[in-house]
Amino acid sequence: GIFHSDALLSMYRFGYTEECFFDYTFNPIQGQAGVVDGILNIVSETTYRVLNDRRARLLREVASKTGTAKTVTEACALTAEVLRSNSADIPFALLYLIAPDGKQAYLCESSQFAPDSPIAPRCVSLDAADGSTGWPIAQVAQTAQPQIVSDLVERFGELPGSPWPEPPEEAMVLPIAGAGQGKVSAVLVAVASPRRRLDDTYCDFLEQITRQIATTITNARSYEEERRRAEDLAELDRAKTVFFSNVSHEFRTPLTLMLGPVEEALQATQDAEQRERLELVHRNTLRLQKLVNTLLDFSRIEAGRIEAVYEPTDLALLTSELVSVFRSAIERAGLRLRVDCSPLPEPAYVDREMWEKIVLNLVSNAFKFTLAGEIAVTLRSNDAQFELEVQDSGIGIPADELPHIFERFHRVKGARGRSYEGSGIGLALVHELARLHGGAVEVSSTVGKGTCFKVSISQGYDHLPSDRIATARTLASTATGAAPYVEEVLRWLPEDEAGGVARKQEEVRTVEALELTSTSASPTTRRSGSPSARILLADDNADMRDYLKRLLGQQYAVTAVADGEAALAAIHQQVPDLLLTDVMMPGLDGFELLKSLRGDPTTQDLPVILLSARAGEEARIEGLAAGADDYLTKPFSARELLARVEASLKLVRLRQEANKALQLSQEQSRL
Ligand code: ADP
């Protein structure tokens, strides 16, 4: 017998030539004596299966061949290509992308037609919806419903590109909407085969195709957006670097112009109070300068413009000199300082300013985060490397923080150091500076036991760029020397340990003084409103404390403490008339302090003013929502502060008088 499988036998039926497929076999019918009497042809129609397979293949191909598209344009081009190479079911297709403003649709790709061919216009306005000529693209985009066009020959004449001899008669125009979102983002014009009726199955198939195209476009679009976001971020980063660099430069000039005259004035004055004011300005100008210089270093490193000058250096001498400037502060705090920097076999090639920053940052950090025990600094030569170790017996760093510790602006949450102050850039800078010496910095730490930072740099100079060895600097130096570091560190000492600072505030009552008087006044009998209203001030910045004490001390009795826990202790000794507290403090911060006060009946009405460096309406609302009576943003003017304090105290007075009046009237009515 002869067997044919899925043979194409076009049939003219239902009024047109139809693409049909059949299986058939010719089987001889054997008569008597082996004579073939006839032929049996068993035929079964397989059109349904053949079409189904072919369409499923096309769908798969649209999915698989467009998956690599990285842009929407590319996705459309690939889709068009796949459709063109499988023209039996879609003899001719056009894909229109709708512009983001929704006003126009643009043909994705067409070299097949003249630019202004009515068959494939490059651009279709979506405002005018005249369905009688051309494709109903505007209607489909507006309604998000597919439309069937069944007078193609009348509209366009014979369409090109069909593999069939007859001109196509029908087409479907379909909306393409991204998954989950109703918005039509593209429109597909799919011309149907002249040899198949555009029946439900055919329509279903075309709709499946559009869903696949929608997925392709959505994927390509998110890829594009992702890349654009990454590019935007990179651009932002560059802009930030330039900004930092410009701003830091701009800051430096005025800072220099402030430092000089302040230093002169300090030398010229004998007046103690005047000196104190000037020292405050001087110290804080130095601090600002150090910060600005660090930012400048970063922007230079990031822009690849840092300029190292490597000079042969007696590293042991330089290091021990730098460390020794902290000795007095460290010992005053009751800590031990061990320095082991015995002479090295050869000079080290370092940029001295950078090495200075490495040592100063590590030692001041060690001091900041060590409340008892010792700080040990060791320098040694080991395996073609110089190794600097700064080991402390401080609070340690949790293991999950260690991988992030050298990231810029990273700070350990809730770390209980001597001060909350800091910006999280010191270690990031140390990391970069070590790298610039062909070296690295490592950290090991145990919470509650201590931390060890180890900086290793290569010996010799083969690893360094030869043009940067012992040459001259052209960029302005960002070295500040040790002074700002030491000044800062001194301000973290408790006042009696810092020596002198406390003595200058004799006019102000301290916590210890309060302890002596606490028996005389209980919370319920506290007086206020008189010039001696009591204000408790909590701020971890010693300068800020001194300044506010001096400012408020003229009118009020001010007690100052350095953190939330001390504030709470002082309040339990004696409830003040007003609490003025910083938000960011080590240990118990302003918000936590506030919460604890509000939860205690004896302090729930205590007026609280929050001081914060966080500007903005949100921060303010957060503060007030937490139960603060007022919220002041740093920097504030002296006048503003005094006015707010006065207003808060007045409110307390009014409240108390109202209470008293109420009590009185209650007593009278009882009589
Ligand atoms: P900053 O000290 O300005 O916050 P750094 O980059 O110098 O910034 O330090 C980042 C963080 O690393 C600190 O906030 C602190 O949490 C932690 N850290 C640094 N040095 C030590 C140390 N010696 N002991 C414990 N924690 C430390």
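Colleague: Which atom of S423 does the ligand's oxygen sit 2.9 Å from?

Modeller: A polar backbone atom of S423 lies 2.9 Å from an oxygen atom of the ligand. That counts as a polar contact (a pair of N or O atoms within 3.5 Å). Keep in mind that this is a predicted model, where local features need pLDDT of at least 70, side-chain atom pairs count only at pLDDT 80 or more, and totals for chains, interfaces and linings use all residues. Residues are numbered from 1 along each chain as its sequence is written, and side-chain values use heavy atoms, with hydrogens and water left out.

Colleague: Which side chains have an N or O atom by a ligand oxygen?

Modeller: R411 has a side-chain N or O atom 2.7 Å from an oxygen of the ligand. For K368 the distance from a side-chain N or O atom to a ligand oxygen is 3.3 Å.

Colleague: How many residues surround the ligand?

Modeller: There are 20, and the closest are N365, D392, R411, S423 and L427. "Near" here takes a heavy atom within 4 Å. By type, the shell splits into 9 nonpolar, 8 polar and 3 charged residues.

Colleague: Which element gives the largest share of that shell?

Modeller: Helix α9 does, with 3 residues. At least two residues each come from α9 (352-368), α10 (426-435) and β18 (450-458). Helices are DSSP runs of H or I, at least four residues, and strands are runs of E, at least two.

Colleague: Changing topic, what is in the largest nonpolar core?

Modeller: That core has 59 residues, and L315, W355, L362, F367, L388 and V455 have the most contacts inside it. Its largest share, 9 residues, again comes from α9. A nonpolar core joins buried residues (under 20% relative accessible area) through side-chain atoms within 4.5 Å. Another core, of 30 residues, lies apart from it and includes V82 and M172.

Colleague: What does F367 touch?

Modeller: Beyond neighbours within four places in sequence, F367 contacts residues including A329, I330, R418 and W492; contact means heavy atoms within 4.5 Å.

Colleague: Last one: where does Q147 sit?

Modeller: Q147 belongs to strand β9 (residues 147-149).

Technical notes: A polar contact is a pair of N or O atoms within 3.5 Å; within protein, one must be able to donate a hydrogen and the other to accept it, and residues adjacent in sequence count only if both atoms are side-chain atoms. Ala, Val, Leu, Ile, Met, Phe, Trp, Tyr, Cys and Pro count as nonpolar, Asp, Glu, Lys and Arg as charged, and the others, Gly among them, as polar. Buried means under 20% relative accessible area, exposed over 50%, partly exposed in between (1.4 Å probe, protein chains only).
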